[in-house]
Amino acid sequence: MNAYRCRQWALITFLGLMFLIGELALSNSKGNYEFFPFYSWSMFALVPNEEKNYQVMIHRVGSHTLDPPIDFREAGSFAKNPGALPAYHVIQKLGKSLEAGDIDTSKKLRNHLESTYLQPNTSYEVMKQKEDPLKLWKKQNRGLSYRPEQSPVAQFKTAP
């Protein structure tokens, strides 16, 4: 019975130390929020609710004016393979490089996007989108509409 009590106190002490060291790691000024094998119990408190991403809105393809503009991912026959994951990554990198002012990188990414995924003579706009998944979920459950906040980054037109 004595060995059982000793193991029980050892386990309680270990769990207490694990919790204490994990909480101390959160207040670490170096930005390391964990010391392996100890971790913080509040790991989801560090995750922001807001998601920021970029999207391409297509305004015109050839002689077809799209009113309202359509999202590249829903472009169907107006774009080549709009649901491709590599296209999504190119759009994200393009948006970041445009906002950072990196002209060379944004020019390369824009050429890649236009030659691989967009049709000739397409007018499009790169938009920055901020959305809160929790707000979206709450409003959809109540039958309300939710529109993410959007702001224009740049407008372009592909070569004819």
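This briefing walks through the fold, the strand pairing, the salt bridges and the surface charge of one protein model.

The model is predicted: local features need pLDDT of at least 70, side-chain atom pairs count only at pLDDT 80 or more, and totals for chains, interfaces and linings use all residues. Residues are numbered from 1 along each chain as its sequence is written, and side-chain values use heavy atoms, with hydrogens and water left out. The protein has 4 helices and 4 strands. Helices (H or I, at least four residues) and strands (E, at least two) are DSSP runs, numbered from the N terminus.

**Overall layout**

- Along the sequence, the pattern reads α-β-β-α-α-β-α-β.
- Of the 160 residues in the protein, 28% are buried.
- Buried means under 20% relative accessible area, exposed means over 50%, and partly exposed lies in between (1.4 Å probe, protein chains only).
- The accessible areas come from the Shrake-Rupley method.

**Strand 3 and its partners**

- Strand 3 pairs with strand 1 (residues 51–61) through 10 bridges, and the two run antiparallel.
- Two strands pair if DSSP finds at least two bridges between them.

- N121 sits in the loop between helix 3 and strand 3.
- N121 is partly exposed, with a relative accessible area of 24%.
- N121 and T158 are 37 residues apart in sequence, but their C-alpha atoms are 5.0 Å apart in space.

**Salt bridges**

- A salt bridge is a side-chain nitrogen of Lys or Arg within 4 Å of a carboxyl oxygen of Asp or Glu.
- By this rule there are 3 salt bridges.
- E99 and K128 form one of them, with their closest N and O atoms 3.3 Å apart.
- This pair links distant parts of the chain: E99 is in helix 2 (residues 85–100), K128 is in strand 3, and they are 29 residues apart.
- E99 is partly exposed at 43% relative accessible area, while K128 is buried at 17%.
- R110 and E114 meet in another salt bridge, at 2.9 Å from N to O.
- Both R110 and E114 lie in helix 3 (residues 103–117), 4 residues apart, about one turn of the helix.
- R110 is partly exposed at 25%, and E114 is buried at 13%.
- D71 and R73 also join through their side chains, at 2.5 Å from N to O.
- D71 is buried at 8%, whereas R73 is partly exposed at 45%.

**Surface charge**

- K135, K138, K139 and R142 gather in a patch of positive charge on the surface.
- Patches are made of residues with over 30% relative accessible area and no salt bridge; like charges are joined within 9 Å, and nonpolar side chains (Val, Leu, Ile, Met, Phe, Trp, Tyr) within 5 Å.
- Lys and Arg count as positive and Asp and Glu as negative, while His and the chain ends are not counted.
- The place of a charge is NZ of Lys, CZ of Arg, CG of Asp or CD of Glu.
- R142 lies in the loop between helix 4 (133–141) and strand 4 (149–157).
- R142 counts as exposed, at 63% relative accessibility.

Terms used:
Areas by Shrake-Rupley, 256 points an atom, 1.4 Å probe, with all protein chains shown as cover.
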